[in-house]
Amino acid sequence: MERFLITQSLLGSWLYTFDCAEGQEENARAEFLSVLNRVPKEATQEMQNGLNFERECYRAAAGLCRTRHIQWEPGIRAVADIIRGAPVQVKARRNLEVCGMTFLVYGILDALKAGTIYDVKFLNKSMKDVELAGKYLNSPQHPTYFYLIPEAREFKYLVSDGVDLYIETYTRGDTPPIEDIIEMFIGSLRAMELLDLYKEKWAAL
């Protein structure tokens with residue numbers, strides 16, 4: 001059976017080409033093409049900060065010995081208190097038939113507990129400088145993960161700048177079906193004459 005991999009990061013890079021800041025259209029398209037071609041991306045300092053913050057949240061939640069990050073401790077403790085006892089970095093995959101194609105939907109959940117999916121986000125700037133309300137409304141992440149975990153009832157984005165914590169919650173009723181997003185994605189690739197490239201680069205075993 002021929003299958004094609006779908007991840008929320010791929011869908012997110014595609015959606016950003018339509019929702020990027022004014023004047024960033026060319027950069028957004030270039031970034032999407034890089035993701036579509038599966039070009040390895042070197043981690044920036046901002047990306048590494050996010051990975052380090054997440055790792056410390058997991059370690060704190062598990063009660064493991066770790067090096068304290070003084071500037072991040074309030075945020076680490078706030079996130080750790082919420083995800084304590086939850087399995088972390090949970091890999092999930094599920095087949096999906098859309099547009100006459102078979103997709104392997106794949107994702108790694110930061111934490112999953114009692115019917116709630118948690119995703120940890122780190123801000124590299126003060127929360128006071130960011131408009132957060134509805135920030136993740138159009139993200140493909142919660143639609144993707146709701147599909148992957150049929151028993152999940154809600155999805156919580158845990159957003160911290162290391163000091164404060166903002167929680168944005170979505171339920172299944174708030175969330176468009178991932179099938180609709182993938183259908184638009186495939187239609188867009190056809191319109192841009194990129195569908196063959198996607199099939200070549202994202203073929204799943």
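**Entry 1**

I began with Cys99, which sits in the loop between strand 2 (88–98) and strand 3 (101–113). The model is a predicted one, so I read each value below as computed from it. Cys99 is not a glycine, yet its phi is positive, at about 55°. I noted that beside the general rule: most residues other than glycine have a negative phi. Cys99 is partly exposed, with a relative accessible area of 31%.

I then turned to Glu193, which also has a positive phi of about 55° without being a glycine. Its place is the loop between helix 6 (178–191) and helix 7 (195–201). Is Glu193 buried or exposed? I found Glu193 exposed, its relative accessible area being 75%. The cut-off for exposed is over 50%, so Glu193 at 75% qualifies.

**Entry 1: helix 1 against helix 2**

Next I looked at a helix pair. Two packed helices are described by the angle between their axes and the distance between the axes, so I noted both. Helix 1 (residues 8–19) packs against helix 2 (residues 25–36) at an angle of about 160°, and the axes are 8 Å apart. That angle makes the two helices roughly antiparallel, since angles over 145 degrees fall in that class. The crossing of helix 1 past helix 2 is left-handed.

Which residues of helix 1 and helix 2 meet? On the helix 1 side I listed Leu10, Ser13, Trp14, Tyr16 and Thr17. On the helix 2 side they meet Ala28, Arg29, Phe32, Val35 and Leu36. Sorted by class, this contact has seven nonpolar, two polar and one charged residues.

**Entry 2: salt bridges**

I searched the whole structure for salt bridges and got nine. The background is simple: side chains of opposite charge can pair when their charged atoms come close.

I followed Glu56, which is buried, with a relative accessible area of 4%. Its side chain meets that of Arg55 in a salt bridge, at 3.4 Å from N to O. Arg55 is partly exposed, at 38% relative accessibility. Glu56 also forms a salt bridge with Arg66, where the closest N and O atoms are 3.4 Å apart. Glu56 lies in helix 3 (residues 45–62) and Arg66 in the loop between helix 3 and helix 4 (73–83), so this pair ties together parts that are ten residues apart in sequence. Arg66 counts as partly exposed, at 23% relative accessibility.

Then I checked Glu73, which pairs with Arg68 in a salt bridge whose closest N and O atoms are 3.6 Å apart. Glu73 is buried, with a relative accessible area of 3%, whereas Arg68 counts as exposed at 52%.

How are these residues linked? I traced a network of salt bridges that links Arg55, Glu56, Arg66, Arg68, Glu73 and Arg77.

How many of the residues of helix 5 (residues 141–148) are buried? I counted eight of the eight, so helix 5 is largely enclosed by the rest of the structure. The buried residues are Gln141, His142, Pro143, Thr144, Tyr145, Phe146, Tyr147 and Leu148.

The axes of helix 5 and helix 6 come within 9 Å and cross at roughly 125°. The two helices are therefore oblique to each other. In their contact, Pro143, Thr144 and Tyr147 of helix 5 meet Ile178, Glu179 and Ile181 of helix 6. By class I noted four nonpolar, one polar and one charged residues there.

**Entry 3: Ile167**

My last stop was Ile167, in strand 6 (residues 165–171). Ile167 is partly exposed, with a relative accessible area of 38%. What does Ile167 touch, not counting residues up to four places away in sequence? With those set aside, I found Ile82, Lys156, Tyr157 and Leu158. I also looked up Ile167 and Tyr118, which are 49 residues apart in sequence and 9.8 Å apart in space, C-alpha to C-alpha.

Methods. Residues numbered from 1 in each chain as written. Predicted model: local features only at pLDDT ≥ 70, side-chain atom pairs only at ≥ 80, totals over all residues. Heavy atoms only, no water. Helix = DSSP H or I, 4+ residues; strand = E, 2+ residues; numbered from the N terminus. Buried < 20%, exposed > 50% of the residue type's maximum accessible area, 1.4 Å probe, protein only. Axes fitted to C-alpha atoms, helices over the stretch in contact; angles between N-to-C directions. Parallel < 35°, antiparallel > 145°, perpendicular 65-115°, else oblique. Left-handed = near helix turned anticlockwise from the far one by under 90°. Contact = heavy atoms within 4.5 Å. Nonpolar A, V, L, I, M, F, W, Y, C, P; charged D, E, K, R; others polar. Salt bridge = Lys/Arg side-chain N within 4 Å of Asp/Glu carboxyl O.
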